[in-house]
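Subject: Structure handover

Hello,

Here is the structure I promised to pass on. Please open it first, then read the notes below.

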Amino acid sequence: MEDAKQFYTKTNNTNGLAEVSQMYAFVEYDKTNYAKSNALILSNLETYKNIKEDQYYYMYALFMLSSNYAHLNKLNTAHYYFKILKSLKNDKTISPSLHKSHVVTINNCFVEVYLEQKAIDSVGFYLEASKDLRHFMNSSDVKQYFNLYADYYEQLGKVEAKNNYLDSLRIFNEKQLQKVTNASLDINKALVNTDEALLVVTEKEILTEFGLQYLLVLLSFLVLLSHYVTRKLN
């Protein structure tokens with residue numbers, strides 16, 4: 001990242017520098033160093049906001065701030081940044097599906113925090129909000145969503161509903177595994193086809209090489225025969 005930072009600095013690439021700075025913040029976010037991640041983001045927040053031609057950088061900064069503050073149990077601040085994030089809904093530089101996928105991840109994040117606090121009403125509210133954006137979840141969000149619903153119903157004492165979501169999680173994991181297996185089979189099939197194609201090419205090259213060698217031998221024989229006949233006739 002340091003090499004990238006130096007390159008983008010030399011070329012005066014604002015977007016590139018924004019991406020590098022966010023990667024540093026994401027590393028801390030991923031390591032659950034939420035306060036350190038926030039410090040890195042906040043020091044560049046105005047820069048991200050001012051990249052008007054691509055507000056994704058600002059949205060992603062707000063996404064990390066919302067999640068970080070939620071996990072730090074600073075929920076008022078988390079909601080503050082989440083509200084700004086949601087206000088970017090109609091920004092033309094951000095695809096609607098990308099915006100919704102980030103919103104639903106934060107919804108799940110709030111559910112997780114409120115479950116720990118046993119704030120059941122808030123849990124129910126954000127689970128419903130996540131349900132409305134179900135189709136915009138990535139696989140990680142879906143798994144978390146099913147687990148959160150199972151935990152929610154466990155706290156409500158609704159065992160059957162809890163088990164239904166655990167079954168849904170199991171079925172989803174099986175489907176994901178099948179997709180991975182099918183993808184592996186497709187890759188193996190492609191490799192086999194490639195090997196077979198290379199074998200055919202190799203065989204053709206061998207036959208071509210053999211044919212040329214045979215032709216050269218035949219020509220040499222005919223030349224020698226011609227010389228021999230010529231000498232006999234003389």
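Glu128 is partly exposed, at 39% relative accessibility. (Buried means under 20% relative accessible area, exposed over 50%, partly exposed in between, with a 1.4 Å probe and protein chains only.) Lys131 is also partly exposed, at 37%. The two side chains meet in a salt bridge, 3.3 Å from N to O. Here a salt bridge is a side-chain nitrogen of Lys or Arg within 4 Å of a carboxyl oxygen of Asp or Glu. Lys131 and Glu128 are 3 residues apart in helix H8, so about one helical turn separates them.

Before going on, some ground rules. This is a predicted model, where local features need pLDDT of at least 70, side-chain atom pairs count only at pLDDT 80 or more, and totals for chains, interfaces and linings use all residues. Residues are numbered from 1 along each chain as its sequence is written, and side-chain values use heavy atoms, leaving out hydrogens and water. Helices are DSSP runs (H or I, at least four residues), numbered from the N terminus.

Other salt bridges

The whole structure has 4 salt bridges. One of them joins Arg170 and Glu174, at 3.2 Å from N to O. Both residues lie in helix H10, 4 residues apart, about one turn of the helix. Arg170 is partly exposed at 43%, and so is Glu174 at 44%. Another pairs Glu28 with Lys36, the closest N and O atoms being 3.9 Å apart. Glu28 is buried, with a relative accessible area of 9%.

Helix H6

H6 covers residues 75–87. Which residues of H6 are buried? They are Leu75, Ala78, Tyr81, Phe82 and Leu85. These cover an arc of only 130° around the axis, so they sit on the same side of H6. (The arc is that of the directions from the helix axis to the C-beta atoms.) The face turned away from the buried side carries exposed Asn76, Lys83 and Ser87.

The core

The largest nonpolar core has 50 residues. Such a core is a set of buried Ala, Val, Leu, Ile, Met, Phe, Trp, Tyr and Cys residues joined through side-chain atoms within 4.5 Å. Ile41, Leu45, Tyr48 and Phe110 have the most contacts inside it. H5 gives the most to this core, with 11 residues.

Best wishes

How values were computed: Helices (H or I, at least four residues) and strands (E, at least two) are DSSP runs, numbered from the N terminus. The expected span of a helix is 1.5 Å times one less than its number of residues.
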